[in-house]
Amino acid sequence: MTNAIVIGGGPAGLAAAVELASRGARVTLLEADRELGGRARSWEGEGYRLNLGPHALYPQAERLLNELGVEVTGQVPNGDLAFDIDGETHPIPASALSLLSSRAFTLGEKLRLARLFAMMGKPSPALARVSVAEWLDGLGMTGRARAFAEAVVRIATYANAPERLSTAVALRQLGSAQVRYVDGGWSRIVSALAARADALGVIVRTRAKVGGVAPGVVRVSGESLRADAIVLAVSPKRAARLLGDHAPAPLIRFAAEATPVRASHLDVALSRLPRPEMSVRLGADRPLYASVHSHYAALAPEGGAVIHLARYLALDLTVDPATARAELEGLLDETQPGWRSHLVEARFAPASLVMHALPEARAGGFAGRPEPLASPGIAVAGDWVGDTGLLLEASLASAVTAARALTSDRRALEPLGAVG
């Protein structure tokens, strides 16, 4: 029987543990924190659940969760979906007909946006090394149409980097934008994965400080654990640091060059929603976002509400926490005036990690990421690994691929892009 160790208790680590155990491995999962989940944890109190930022579940990630034995519930946002530009608020076009009837754009801008919409979900391989900014230049996209196009890319990818983000990555993500808000928050995903792991016999050790990794050995809390297979479901820099002299050169280079994506976010629980009709508000000329997630997911008690607000941060932006919070509270003043009178809980983060490495055009988008199998017996997993998807999808897909490779399953060679 394969003896496997997984380092990291976020979604990637849990998925790797579940997949390894389901293939007959004896698995131990090591998590440095006191609880599992990483960035997928949720705050819970007084019947409310607040995610750490505005998480949304894309269809590809949901399919992978289903394959791992995890089912989720929740709804797809609809209704009052609007965007702000030049001091005006307009409905977000959801179809060719609504685009043609929009008062936000000129006829020429509508035609250019129609070309963009037609390309969603159909990325040409040639666009992998073309930045979003270069692509929009080629489409002749200017003015309000340009601002709206960049806003749509931001909300789909969570990245405010049009000059560096790969167009192929953006188009693929835009083609799967029917997201779901999850009942019970993302901690439900974590608890469901943890329950699957437990049912399969995975041993979980929290507060386990891993000091280093070598082929067949993991050093943790003063002891050396033997393993036939090791998965590092951690950041690229930590993976390289833990492997030390055993880290392959491509991983060392990637860890040094990776550009993390971050966002400021304000998450609030309200006892009452001042404007119940407001649902989702997207900033076109400002990289802002506000959404009442409790409209579509069970996150609050009867009459209460949970709202997530975010500013998508430019890669080189230095954030002043006070200014960032004031801006997000100002957006909440605009969308839900009087909200302070109903405040139950507020959670603010000035520069929270969204993903460990932007898929850049200069590196070929997804192709620039490390492969899950780093060396014989050692694999990596996370949102920065492999050629499949963004965010949670990348974490789950790389975890499954890593587990398959380490257990010598021929299906390790199957392209996970086939899931959606």
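Two residues are in contact here when their heavy atoms come within 4.5 Å. Keep that in mind as we walk through this predicted model, where local features need pLDDT of at least 70, side-chain atom pairs count only at pLDDT 80 or more, and totals for chains, interfaces and linings use all residues. Residues are numbered from 1 along each chain as its sequence is written, and side-chain values use heavy atoms, with hydrogens and water left out.

Let's start with Thr 28, which sits in strand S2, residues 26-30. Helices (H or I, at least four residues) and strands (E, at least two) are DSSP runs, numbered from the N terminus. If you set aside neighbours within four places in sequence, Thr 28 is in contact with Ala 4, Ile 5, Val 6, Ile 203 and Arg 205. Thr 28 is buried, at a relative accessible area of 15%. Buried means under 20% relative accessible area, exposed means over 50%, and partly exposed is in between, using a 1.4 Å probe and protein chains only.

Gly 8 is another buried residue, with a relative accessible area of 7%. You'll find Gly 8 in the loop between strand S1 (3-7) and H1. Again leaving aside neighbours within four places in sequence, its contacts are Gly 13, Leu 14, Leu 29, Leu 30, Glu 31, Ala 233 and Val 234. Now follow the chain 15 residues along from Gly 8 to Arg 23: the C-alpha atoms of these two are separated by 20 Å.

On that stretch lies helix H1 (residues 11-22), whose axis comes within 8 Å of the axis of helix H12 (residues 391-406), crossing at roughly 30 degrees. Axes are lines fitted to C-alpha atoms, for helices over the stretch in contact, and angles run from 0 to 180 degrees between N-to-C directions. On the H1 side, Pro 11, Ala 12, Ala 15, Ala 16, Glu 19 and Leu 20 take part, and they meet Leu 392, Ser 395, Leu 396, Ala 399, Val 400, Ala 403 and Arg 404 of H12. Sorted by class, this contact has 10 nonpolar, one polar and two charged residues. Here Ala, Val, Leu, Ile, Met, Phe, Trp, Tyr, Cys and Pro count as nonpolar, Asp, Glu, Lys and Arg as charged, and the others, Gly among them, as polar.

H12 turns up again around helix H2 (residues 59-67). The buried residues of H2 are Gln 60, Ala 61, Glu 62, Leu 64 and Leu 65, and what covers them includes H7, helix H8 (187-199) and H12. After H2 comes Gly 69, with a positive phi near 90 degrees.

Next, look at helix H6. The axes of helix H4 (residues 107-119) and H6 come within 9 Å and cross at roughly 25 degrees. That makes H4 roughly parallel to H6, since angles under 35 degrees count as roughly parallel, over 145 as roughly antiparallel, 65 to 115 as roughly perpendicular and the rest as oblique. This crossing of H4 and H6 is right-handed. Glu 109, Leu 113, Leu 116 and Phe 117 from H4 meet Gly 143, Arg 144, Ala 145, Phe 148 and Ala 149 from H6.

H6 (residues 143-157) also meets helix H7 (residues 167-174): their axes come within 9 Å and cross at roughly 75 degrees. So H6 is roughly perpendicular to H7. Val 152, Val 153, Ala 156 and Thr 157 of H6 touch Ala 170, Gln 173 and Leu 174 of H7, giving a contact with five nonpolar, two polar and no charged residues.

In the loop between H6 and H7 you'll find Tyr 158. Its phi is near 65 degrees, a positive value in a residue other than glycine, and Tyr 158 is buried, with a relative accessible area of 11%. Asp 86 also has a positive phi, near 55 degrees, but at 52% relative accessibility it counts as exposed. Asp 86 lies in the loop between strand S6 (81-85) and strand S7 (88-91).

Finally, the cores. A nonpolar core is a set of buried Ala, Val, Leu, Ile, Met, Phe, Trp, Tyr and Cys residues joined through side-chain atoms within 4.5 Å. The largest has 57 residues, and Phe 83, Leu 113, Leu 136, Met 141 and Tyr 181 have the most contacts inside it. H6 gives the largest share of this core, eight residues. A second, separate core of 42 residues includes Leu 14, Leu 65, Trp 186 and Ala 403.

Technical notes
A crossing is left-handed if the near helix is turned anticlockwise from the far one by less than a right angle, and right-handed if clockwise.
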